[in-house]
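Student: I would like to learn how to read a few features of a protein model. Where do we start?

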Amino acid sequence: MNAPPGCPVVRFDHHAAAFARDPWSVYDGLRAARVAYSETYGGFYVLSRYSDVWDAARDDETFSSDREVVLPATGVGRLIPLNADPPDLQRYRSALFPYFTQRAAEAMAGDIRRFTAATIDAFIESGHCDLICDLAAPVPAMTTLELMGLAPEDWAVLAEPLHDLIAYPTEHPNHESARAGVWAIRERFAAEAAARAVAPRDDMVTHLLGLEADGTLSRDEVVDLLMMVTIGGFDTTMAAIGSALLYLERHPDERRRLAADPALLPAAVDEFLRFEAPVQGFARTVTRDIEIGGCPIPAGETVFLLWGSANRDPEAFERPDEVVLDRRPNRHLTFGVGGHRCLGAHLARVEMRVVLAEALRRLGDYTIDAEGVRWPASVGILYGRAHIPATFTPAPQERDALPPPIAGNTAR
């Protein structure tokens with residue numbers, strides 16, 4: 001449909017290469033307009049100010065997640081609980097919640113350090129690596145599989161189609177093969193569920209099957225939840241780690257400060273998440289006629305909530321375009337807000353904290369080949385680099401210094 005009177009029309013395309021190069025100036029213009037209408041991808045409205053995004057994300061009754069949250073749709077099925085409204089939203093979140101508490105996340109810190117140490121050991125003697133492919137990608141993927149009760153060493157097999165699905169928009173020739181690869185992962189998870197039904201284990205898959213047995217979940221919903229945990233756990237934290245490492249290399253004083261005072265890491269992690277949100281936004285469907293900032297939005301229309309823009313809103317943050325390592329308070333919207341706030345927020349923070357600490361300790365003098373830094377074909381779903389080549393002073397492996405695995409990392 002055409003935008004109604006009172007709502008400016010913009011050509012906002014979050015999958016465009018120009019957007020990847022500089023989304024922040026685009027957001028400045030969008031916030032000045034407050035509400036805008038883009039004719040791309042069938043047409044949708046854009047909310048970019050912190051207060052508007054905050055209010056909409058907390059109003060599930062008016063801003064529904066049931067239809068589609070990714071623009072354009074990925075075509076890989078329902079992404080629950082992301083793609084759900086109450087009361088189903090609470091049912092799905094409750095099923096996963098025991099694995100994503102602060103306690104459960106901290107209990108995995110030892111395993112995360114093991115994965116990080118082994119990953120760094122694989123390249124540290126060479127003096128060069130790709131900070132995305134060799135570090136930022138494998139550690140969150142292995143952590144996610146360990147959390148689920150699956151084999152961490154299989155991370156690359158699952159990661160490749162997921163990376164491709166996110167990297168290639170629907171019109172790209174590689175999208176269809178990536179989508180087929182993700183459906184193959186779904187079939188693998190269905191087989192895992194069937195195997196656990198015969199031989200239960202103490203893991204997430206068996207836990208979800210128990211909820212199927214008591215009528216809380218269907219088998220399809222069990223598989224859907226496993227898919228969402230995988231999609232959410234692999235690439236978002238990868239992108240955030242890569243962005244933080246790139247920033248620190250470009251700001252040596254900040255890198256030295258963080259290396260000298262690791263107590264700053266928790267606050268710094270949240271600031272990196274605010275500064276470059278790995279997921280820039282999600283869509284909602286309006287369930288009734290509303291008006292925001294003088295712009296009428298009819299029922300049934302799609303509204304895109306821009307976390308990335310809200311995080312740079314000068315009305316909400318002082319010096320929004322600067323990284324302030326010890327920024328407090330930091331009420332960024334990178335994990336969303338309200339009923340759909342990211343379940344994996346605690347785990348993502350622990351992963352970032354551990355990986356950054358180990359990278360600063362063991363790769364402390366790393367330099368990045370700026371010419372070799374590459375974006376994926378699209379940042380419409382994930383905002384992060386595809387390649388960050390780096391060199392550093394070679395060092396010995398630390399295999400003998402690895403801590404033992406932490407038992408019971410799925411503590412509830």
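Tutor: We start with burial. A residue is called buried when its relative accessible area is under 20%, exposed when it is over 50%, and partly exposed in between. Keep in mind that the model is predicted.

Student: Is phenylalanine 272 buried or exposed?

Tutor: Phenylalanine 272 has 6% relative accessibility, so it counts as buried. The residue sits in helix 14, which spans residues 265-275.

Student: Which residues does phenylalanine 272 touch, apart from its neighbours within four places in sequence?

Tutor: Its contacts are Ala244, Tyr247, Leu248, Leu258, Val323, Leu325, Met352 and Leu356.

Student: How should I read the packing of two helices, say helix 11 and helix 12?

Tutor: Look at the distance between the axes, then at the angle. The axes of helix 11 (residues 204-213) and helix 12 (residues 219-250) come within 9 Å, crossing at roughly 150°. An angle over 145 degrees counts as roughly antiparallel. Helix 11 and helix 12 are therefore roughly antiparallel to each other. The crossing of helix 11 with helix 12 is right-handed.

Student: Which residues make that contact?

Tutor: From helix 11 come Met204, Val205, Leu208, Leu209 and Glu212, and from helix 12 come Arg219, Val222, Leu225, Leu226 and Val229. By class, the contact of helix 11 with helix 12 has eight nonpolar residues, two charged and no polar.

Student: What is the angle between helix 9 and helix 10?

Tutor: Helix 9 (residues 155-167) and helix 10 (residues 175-198) pack at about 140°, and their axes are 8 Å apart. The pair is therefore oblique. The crossing of helix 9 and helix 10 is left-handed. Helix 9 contributes Val157, Leu158, Pro161, Leu162, Asp164 and Leu165 to the contact, while helix 10 contributes His175, Ala178, Arg179, Gly181, Val182, Ile185, Arg188 and Phe189. These divide into nine nonpolar, two polar and three charged residues.

Student: Now the backbone. Where are there cis peptide bonds?

Tutor: Check omega. Proline 86 and proline 87 are joined by a cis peptide bond with omega of about 0°. Proline 87 belongs to the loop between strand 4 (63-64) and helix 4 (88-96). The bond from arginine 328 to proline 329 is also cis, with omega near -5°. Proline 329 lies in the loop between helix 15 (307-310) and helix 16 (345-362).

Student: And phi: which residues other than glycine have a positive value?

Tutor: Arginine 34 has a positive phi of about 70°, and its place is the loop between helix 2 (23-33) and strand 2 (35-38). With a relative accessible area of 28%, arginine 34 is partly exposed. Arginine 319 has phi near 45° and is found in the loop between helix 15 and helix 16. Arginine 319 is partly exposed too, at 48% relative accessible area.

Terms used
Residues numbered from 1 in each chain as written. Predicted model: local features only at pLDDT ≥ 70, side-chain atom pairs only at ≥ 80, totals over all residues. Heavy atoms only, no water. Axes fitted to C-alpha atoms, helices over the stretch in contact; angles between N-to-C directions. Helix = DSSP H or I, 4+ residues; strand = E, 2+ residues; numbered from the N terminus. Parallel < 35°, antiparallel > 145°, perpendicular 65-115°, else oblique. Left-handed = near helix turned anticlockwise from the far one by under 90°. Contact = heavy atoms within 4.5 Å. Nonpolar A, V, L, I, M, F, W, Y, C, P; charged D, E, K, R; others polar. Buried < 20%, exposed > 50% of the residue type's maximum accessible area, 1.4 Å probe, protein only.
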